[in-house]
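User: I would like to go through this structure and ask, for each label, what value stands behind it. Please set the values against the cut-offs as we go.

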Amino acid sequence: MRLPLMALLAKGPAHGYELKTELEKLFGAAYPQPNIGQIYVTLARLEKSGLIRGEDVTQSGRPNKRIYELTDAGREAVSAWFEEPSSEPRVRDEFFMKLALAPATGMADQVSLINRQRRHYLNLMRAMSRLAAGEDRDNRIAQLLIEGATLHLQADLDWLERCQEELE
């Protein structure tokens, strides 16, 4: 959450609720809605670490709000984040851990695990299809996010088939 918030602040100063709204608007319903409490905790940590600075702004008839902006160190951190490739291969997959450990424990059947996971992925794919056809259908960023998630789910389904073939 910290680097996406900092990236939004690269556009200019904002307060926490504006950042939350901007994330929701950008990614639509396909992305888990950020918790405002988490955003303010993250902003406080970023400020403490010197990556952003905050200033209280007085509002008439309302509580003061804190406006945040990037520091030079924050701008460097965001720039470095954009330069780094994202994520390594998923070799610490929780499902695969269950699948590998099931025979040793005797507590789960591998084929049952695969079938349960397959049903879960298919349900997620249906949910992605509903999102794609929903209120965010004109939001190109949200549609790309949904398409990427759907392609990952299809790859996961293909991999489950491979696991089942190998284990039978």
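User: What makes Lys20 and Glu24 separated by about one helical turn?

Analyst: In this predicted model, Lys20 and Glu24 both belong to helix 2 and are 4 residues apart, which is why their separation is given as about one helical turn.

User: Why is the meeting of the Lys20 and Glu24 side chains called a salt bridge?

Analyst: The label requires a side-chain nitrogen of Lys or Arg within 4 Å of a carboxyl oxygen of Asp or Glu. For Lys20 and Glu24 the N to O distance is 2.2 Å, and the pair therefore meets that requirement.

User: How do you know whether Lys20 and Glu24 are buried, partly exposed or exposed?

Analyst: Buried means under 20% relative accessible area and exposed means over 50%, with partly exposed in between. Lys20 has a relative accessible area of 14% and is therefore buried, whereas Glu24, with a relative accessible area of 25%, falls in the range called partly exposed.

User: Which residues does Lys20 touch, leaving aside those up to four places away in sequence?

Analyst: With that exclusion, Lys20 touches Pro34, Ile36 and Ile39.

User: How many salt bridges does the rule give in total?

Analyst: The count comes to 7 salt bridges. One of them joins Lys11 and Glu22, whose closest N and O atoms are 3.2 Å apart, and this pair links distant parts of the chain, since Lys11 lies in the loop between helix 1 (2–9) and helix 2 (16–27) while Glu22 lies in helix 2, 11 residues apart. There is also a network of salt bridges that links Glu47, Asp56 and Arg66.

User: Why does Lys11 get one accessibility label and Glu22 another?

Analyst: Lys11 has 62% relative accessibility, and because exposed means over 50%, this residue counts as exposed.

User: What makes Arg118 and Glu161 a salt bridge, and where in the chain do the two residues lie?

Analyst: Their side chains meet at 2.9 Å, N to O, and because the limit is 4 Å, the pair qualifies. The pair links distant parts of the chain, with Arg118 in helix 6 (residues 110–133) and Glu161 in helix 7 (residues 140–167), 43 residues apart. Arg118 has a relative accessible area of 15%, which is under 20%, and is therefore buried; Glu161, with a relative accessible area of 36%, is partly exposed.

User: How do you know that helix 5 is roughly antiparallel to helix 6?

Analyst: The two helices pack at an angle of about 160 degrees, with their axes 9 Å apart. Angles over 145 degrees count as roughly antiparallel, so helix 5 is roughly antiparallel to helix 6. The contact is made by Phe95, Lys98, Leu99, Ala102 and Pro103 of helix 5 together with Gln110, Leu113, Ile114 and Gln117 of helix 6, and the crossing of these two helices is right-handed.

User: Why are helix 5 and helix 7 called roughly parallel?

Analyst: Their axes come within 13 Å and cross at roughly 10 degrees, and since angles under 35 degrees count as roughly parallel, helix 5 and helix 7 are given that label. On the helix 5 side the contact is made by Phe95, Phe96 and Leu99, and on the helix 7 side by Trp159, Leu160, Cys163 and Leu167.

User: Where does Asp93 lie, and what does the side chain of Asp93 reach?

Analyst: Asp93 lies in the loop between helix 4 (72–83) and helix 5 (94–105), and the Asp93 side chain reaches the backbone nitrogen of Phe95 at 3.1 Å. At 15% relative accessibility, which is under the 20% cut-off, Asp93 therefore counts as buried.

User: Why is Tyr68 called buried, and which residues does Tyr68 touch?

Analyst: Tyr68 is found in strand 2 (residues 65–70), and because 5% relative accessibility is under 20%, Tyr68 counts as buried. Leaving aside residues up to four places away in sequence, Tyr68 touches Leu9, Pro13, Ala14, His15, Tyr40, Leu43, Glu47, Ile52, Arg53 and Gly54. Tyr68 and Leu9 are 59 residues apart in sequence and 7.4 Å apart in space, C-alpha to C-alpha.

User: What makes Arg130 buried or exposed?

Analyst: Arg130 lies in helix 6 and has a relative accessible area of 57%, which is over 50%, so Arg130 is exposed.

Conventions
Residues are numbered from 1 along each chain as its sequence is written. This is a predicted model: local features need pLDDT of at least 70, side-chain atom pairs count only at pLDDT 80 or more; totals for chains, interfaces and linings use all residues. Side-chain values use heavy atoms; hydrogens and water are left out. Buried means under 20% relative accessible area, exposed over 50%, partly exposed in between (1.4 Å probe, protein chains only). A polar contact is a pair of N or O atoms within 3.5 Å; within protein, one must be able to donate a hydrogen and the other to accept it, and residues adjacent in sequence count only if both atoms are side-chain atoms. Axes are lines fitted to C-alpha atoms, for helices over the stretch in contact, and angles run from 0 to 180 degrees between N-to-C directions. Angles under 35 degrees count as roughly parallel, over 145 as roughly antiparallel, 65 to 115 as roughly perpendicular and the rest as oblique. A crossing is left-handed if the near helix is turned anticlockwise from the far one by less than a right angle, and right-handed if clockwise. Contact means heavy atoms within 4.5 Å.
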